[in-house]
Amino acid sequence: MSSALIVGDLQVGILDNYPFAKAVVPPVTELLSRARAAGVLVVFVRTAFRANGADLAGEVFAAFHRAGNLFHEGSPGTEVALEVTADDVVVLKRRTSAFAGTDLDLVLRARGVDSLALTGVATSAMVAATLYDASDRGYELTVLRDGCADPDPAVHELLVNTVFPSRGAEIVTCAQWPARGARTAPR
């Protein structure tokens, strides 16, 4: 039994263009070194779409695609904005959930991970969609309150105070996680 830290969509283009997202950088950055030192698997999830639009479905994704190369695969805007080490895993996603169409579940199961701590932006998008998918897959869930942000602070508060706990998620701060004795992923 082991834990993984999911860091979602903290990528260059998002942090440069969506001011609300910058609030999570200090607590998540501080958490990364502690999580790694505790042996927790760190997984960065980033969003990128094919430049030719072949993977688009629906207006929401098309709007992101039209934002220019900000979300185009291979562009600097899609790169993880925080330090990635050789032991970390980077997952490319093309949908809201970190699980939809990715190999995230395969990576986690291969490492014996059964518990996830979620961070990232936006709380109402990537974090919520990933939480629902992870819950359906049987993972134990923790949401790091100050490691997530949303363009609407009231929506963030509703999700972390009411909705996520109703799905069985524990809500703590980045400073409170990982708890002493956190379960680590085998290498």
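Which residues does Val143 touch, not counting residues up to four places away in sequence? The views below begin with that residue, in a model that is predicted, where local features need pLDDT of at least 70, side-chain atom pairs count only at pLDDT 80 or more, and totals for chains, interfaces and linings use all residues. Residues are numbered from 1 along each chain as its sequence is written, and side-chain values use heavy atoms, with hydrogens and water left out.

**View 1. The contacts of Val143.** With contact taken as heavy atoms within 4.5 Å, and leaving aside residues up to four places away in sequence, Val143 touches Leu118, Val127, Leu131, Cys148, Val160, Phe164, Ala169, Glu170, Ile171 and Val172. Val143 also stands opposite Ile171 in S6, and strand S5 (residues 140-149) and S6 pair in the parallel sense over three bridges. Helices and strands here are DSSP runs, numbered from the N terminus, with at least four residues (H or I) for a helix and at least two (E) for a strand.

View 2. Strands of a sheet pair through backbone hydrogen bonds, either parallel or antiparallel.

**View 3. Two nonpolar cores.** A nonpolar core is a set of buried Ala, Val, Leu, Ile, Met, Phe, Trp, Tyr and Cys residues joined through side-chain atoms within 4.5 Å; buried means under 20% relative accessible area, exposed over 50%, and partly exposed in between (1.4 Å probe, protein chains only). The largest core has 28 residues, of which Val43, Leu108, Leu116, Val143 and Phe164 touch the most other members. Two or more residues come from each of S1, strand S2 (41-47), S3, H4, S4, H5, S5 and H6, and H5 gives the most, with five residues. Another core, of 26 residues, lies apart from this one and has Leu5, Phe71, Val172 and Trp177 among its members.

**View 4. Salt bridges.** The structure holds eight salt bridges, each a side-chain nitrogen of Lys or Arg within 4 Å of a carboxyl oxygen of Asp or Glu. In one of them, Asp9 pairs with Lys93, and the closest N and O atoms are 3.1 Å apart. Because Asp9 lies in the loop between strand S1 (2-8) and helix H1 (12-17) while Lys93 lies in strand S3 (residues 89-93), the pair ties together parts that are 84 residues apart in sequence. Asp9 counts as buried at 6% relative accessibility, and Lys93 is buried too, with a relative accessible area of 2%.

How values were computed. Two strands pair if DSSP finds at least two bridges between them.
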